[in-house]
Amino acid sequence: MKKKLLGKTPTELKDIAVSCGLPAFTGKQIAQWLYVKRVRSIEEMTNLSKTGRARLAEEYEVGVTAPIDVQTSIDGTRKYLFPVTCTHDGALGAIESVTPGKLETAAIEAVMIPDDDRKTLCVSSQSGCKMGCHFCMTGRQGFHGHLSAADIISQFLAVDETFELTNTVFMGMGEPLDNWENVRRAIEILTADWGFGWSPKRVTLSTIGVIPNLRRYLDESRCHLAVSLHDPFPDERESIMPVEKGYHIRDVIDLIRQYDFTGQRRVSFEYTMFSGFNDTKRHADAIVQLLKGLECRVNLIRFHKIPDFPYSTTSTAMMEAFRDRLTRSGITATIRASRGEDIFAACGLLAGAHKQ
Ligand code: SF4
C-alpha cells in the first residue's frame, strides 16, 4: 500500500521530497499542489521534475479517496459515503484498527449543507464512535477506528463542492476530541497559510465534552466550539450519554468559562429535544442556571426517531415555548432547521449505510 502525502505539513513534505531525491524547496510546492491547487495525482505536480515525480510516485500517492455513493436531498444537502480501510499504518497513516492484525473496510460520511451563500461541510473524525450516546445511529454501530489527518482532509477534497466550501463543522461520525492529534492536524491544514488558508472562524468542533482534550482544543486553536448538552441534569444526561459518568457537564462548562467567548470565538450548546424527557420548564430553567453569565447560544434540535430509543421529538409548539423561556431569561436560543432528513443526513442519523 502506498503512503499518503495528504495530511503532511510542508516540513514533513520537504523530508519526503529530499528522501526521494528532489530539492528541499519542493516540499512547499507539494503542499501547494495538495492543499491549494488540490490535485488528485503526483503526475499533475508539473513544476516537479518528471524523474522526481516518478520517484515520489513509487512510494507515495496523493491520498484523496473518491466517494462510493452520493445522495442529494430535496433541500440540496448532499451526503457523501467514503470507504476507509482499517489498518495498523501508524498514527498519521491510514485508519487505525481496533482489531489488531486485521484489515477491515468500513464507511464514513460527510454532509455538504448549502445555506444562502454558505456551503458547510460536516465531516467525520472517526469510523463509528466509542461514546455510545443512546439517541445516535453512529454510536449504535460501535467503534471501527480513528481517521488519520489524511482521511479527514480527503473529505474536503473529494466532494464536488471542494472549491466552494465556506465553513466546516466536525459534527459527523465520531467524537473529534477522542481523536485529537489527527483532528488537530486537520485543523492546522485548514487554517494554515500553506494549507487551505481559512480563518478559524470558519471551523467549528462539536464535542460531548471530553475534558482533557477539550482543554487542548481551547488552548491550541481559535476555532468555534459546540457542546452537546442535551440535558442539564447529571442523572438524566448520564442515562442517555454515558460520557457524563466520566466528564460531568458542569465541569465542562466550568472549563469553558475559563476562556474568552466574548469576541470572535463562539461557543454554542446543542440540545436535541425528546418529548417528555428533556423539554419541560424545569429543564429550561436548569439550562439558564447552568449557562448563566456565559456568552453563548443554545441550538434546539428536532430529534429524528431511531429504532429502540423510547422517545420521539418534541412538538414544534413545545420547542418554541422552550426557546422563548430561554430567551426571556437572557439565553440566546434558536430552533435549528433540520437538513437532509430524507437522505438520513440529519444530526444523529449518520451510520455509514450504503443506499440499496
Ligand atoms: Fe458519538 Fe457524537 Fe454519536 Fe455521541 S452523538 S455516539 S459522541 S457520534
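Between domain 1 and domain 2 of this predicted model, five residue pairs are in polar contact, both partners being at pLDDT 80 or more. Helix H1 (10–19) and helix H2 (26–36) each contribute at least two residues to the side of domain 1 that touches domain 2. The most comes from H2, which gives four residues to that side. Sorted by class, the side of domain 1 that touches domain 2 holds six nonpolar, two polar and six charged residues.

The two domains themselves are set by the domain assignment of the chain, with domain 1 spanning 3–61 and domain 2 spanning 69–343. Their C-alpha centres are 33 Å apart. In the interface, 14 residues of domain 1 are in contact with 16 residues of domain 2. The size of an interface is often expressed as the accessible area lost when the parts come together. For domain 1 and domain 2, the area buried between them is about 1,300 Å², and 61% of it lies on carbon and sulfur atoms. Of the area that domain 1 buries against domain 2, 44% is supplied by Leu 6, Tyr 35 and Arg 38, more than by any other three residues.

Salt bridges occur at the interface and elsewhere. The whole structure contains 20 of them, and two are found across the interface of domain 1 and domain 2. Two individual salt bridges are set out below.

| Salt bridge | Closest N to O distance |
|---|---|
| Arg 53 and Glu 43 | 3.4 Å |

The pair of Arg 53 and Glu 43 links distant parts of the chain, the two residues being 10 residues apart. Arg 53 belongs to helix H3 (residues 50–59), whereas Glu 43 is placed in the loop between H2 and H3.

The surroundings of the ligand form a separate topic. Cys 129, Met 131, Gly 132, Cys 133, Cys 136, Thr 138, Gly 139, Gly 174 and Ile 208 are the residues around the ligand. This shell consists of five nonpolar and four polar residues, with no charged residue among them. By contrast, six charged residues are present on the side of domain 1 that touches domain 2.

Key:
Residues numbered from 1 in each chain as written. Predicted model: local features only at pLDDT ≥ 70, side-chain atom pairs only at ≥ 80, totals over all residues. Heavy atoms only, no water. Domains from an automatic or database assignment. Contact = heavy atoms within 4.5 Å. Buried area = accessible area lost by both parts, 1.4 Å probe. Salt bridge = Lys/Arg side-chain N within 4 Å of Asp/Glu carboxyl O. Polar contact = N/O pair within 3.5 Å; in protein donor to acceptor, adjacent residues only side chain to side chain. Nonpolar A, V, L, I, M, F, W, Y, C, P; charged D, E, K, R; others polar. Near = heavy atom within 4 Å.
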